[in-house]
Amino acid sequence: IDPFMYLSLPLPDPSSVQVRLCFVKKPPFDHDEFSKHTKISVHVPRDGTVADLRAAVAELTGVAGERLLFGEMSTLNELRDTPWPDSREISDLSTSYMTQYIAYEVDHDVTELLQAISNGLPPSENHPLIVIAHHNLPDIDCAPLPIVFTTGRTTISGKMLYDIIRSRVAPYYDFKALNHGDLLPFLVRRSTEKGQEPAPPIDLSSAETFSSPPGITRASLTLDWENLEYIHHIDKHAGLFKWFNVHPTCRAGPPSQKVELEDCFREWSKKEILEEDNAWYCSNCKKHQCASKRLELWNSPDILVLHLKRFSDFSLARKLDTFVNFPLTDLDISGFINPLNDEDEDNFSYDLFGISNHYGGLGGGHYTAYT
């Protein structure tokens with residue numbers, strides 16, 4: 001009998017996964033729990049889609065699901081992959097704490113637009129146009145979130161654009177702080193490709209209208225903070241742009257999911273059908289067959305060390321925090337010993353004498369121990 005054995009036991013896949021987002025409400029801002037940009041957390045089915053995420057965010061915030069748009073922030077503080085089609089699978093999303101997802105409430109019903117995107121069709125004249133405005137702040141790390149709104153596909157005037165953008169900036173920028181009245185602290189330009197000359201500023205005081213080319217889903221603007229006096233004001237009052245509430249769902253743990261240590265043993269020993277690349281040649285039928293594999297223990301060691309695999313294929317960045325219940329005495333593993341072994345079953349029972357806990361992720365952490 002081996003004096004020592006080390007087993008890595010997988011945790012049963014959780015039925016749901018946690019998705020953290022920042023929810024951005026559209027004006028007017030009521031004095032409720034979502035009156036500011038709010039960090040929220042929702043749980044959706046592991047095998048679900050963005051449609052399930054939309055329903056979960058709508059239920060939590062009270063916003064109509066058909067008026068929600070989702071996007072992902074890049075490390076350059078830019079939105080990418082916006083909007084997400086409802087058919088996108090949750091398993092495609094990273095659950096890393098380094099990834100920031102945003103849910104925007106918009107003015108129009110985007111259901112038909114998202115269906116067209118899912119089917120690879122161009123938008124029609126009846127679909128709203130998504131406008132994304134990114135902030136360009138030189139040497140400022142605390143840039144606010146991009147502004148996202150929807151408009152009709154008819155032309156829009158500079159005055160209308162001013163009203164829309166100002167209403168989304170006003171709650172967290174004090175226009176009176178610099179005694180500049182209602183002036184926006186930036187120039188608004190159409191976005192250009194990297195390396196190209198900036199587009200001329202849009203006259204936000206003009207009734208002149210402008211439109212975007214037909215057949216596009218989204219238009220991009222740049223909010224160009226060129227005034228150094230404004231930039232210094234932002235740097236001095238950086239807290240203005242960390243304008244977030246944290247919803248209690250972010251502090252609460254995941255929904256109660258508890259498994260027994262025996263469930264982890266079952267997951268480790270369950271039958272697995274090998275893929276065709278690992279086909280086994282059957283000497284009876286003279287064909288390659290997809291074989292099955294099942295792990296069993298042949299004998300029991302004097303000392304049994306169990307490792308719980310808390311990283312899954314779904315998320316290598318975040319640990320599974322499923323609660324695992326285990327006995328302090330008389331852990332019986334006889335059900336996982338090969339039946340051909342005629343060893344005394346008394347040898348298949350173990351008492352716990354030590355625990356090593358790891359706190360952190362793949363990149364590092366801390367260990368504590370109990371004996």
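**Strands, cysteines and burial**

Analyst: Ile-303 lies in strand β19, which covers residues 303-309 (helices, H or I, are DSSP runs of at least four residues and strands, E, of at least two, numbered from the N terminus). Because its relative accessibility is 37%, Ile-303 counts as partly exposed (buried is under 20% relative accessible area, exposed over 50%, partly exposed in between, with a 1.4 Å probe and protein chains only). This is a predicted model, in which local features need pLDDT of at least 70 and side-chain atom pairs pLDDT 80 or more, while totals for chains, interfaces and linings use all residues. Residues are numbered from 1 along each chain as its sequence is written, and side-chain values use heavy atoms, without hydrogens or water.

Now the strands you asked about. Strand β2 (residues 16-24) runs antiparallel to strand β3 (residues 37-45), and eight bridges join the two (strands pair if DSSP finds at least two bridges between them).

Cys-22 leads on to the cysteines. A search of the whole structure finds zero disulfides (a disulfide is a pair of cysteine sulfur atoms within 2.5 Å). For Cys-250, the closest cysteine sulfur is that of Cys-22, and because the separation is 9.4 Å, it is too far for a bond. Cys-250 has 16% relative accessibility, so Cys-250 counts as buried. Cys-264 is also buried, because its relative accessibility is 0%.

In helix α3, the buried residues are Gly-158, Leu-161, Tyr-162, Ile-164, Ile-165, Arg-168 and Val-169. The loop between β11 (209-210) and β12 (218-224) contains Pro-214. With 77% relative accessibility, Pro-214 counts as exposed. Arg-153 is 61 residues from Pro-214 in sequence, yet the two C-alpha atoms are 8.2 Å apart in space.
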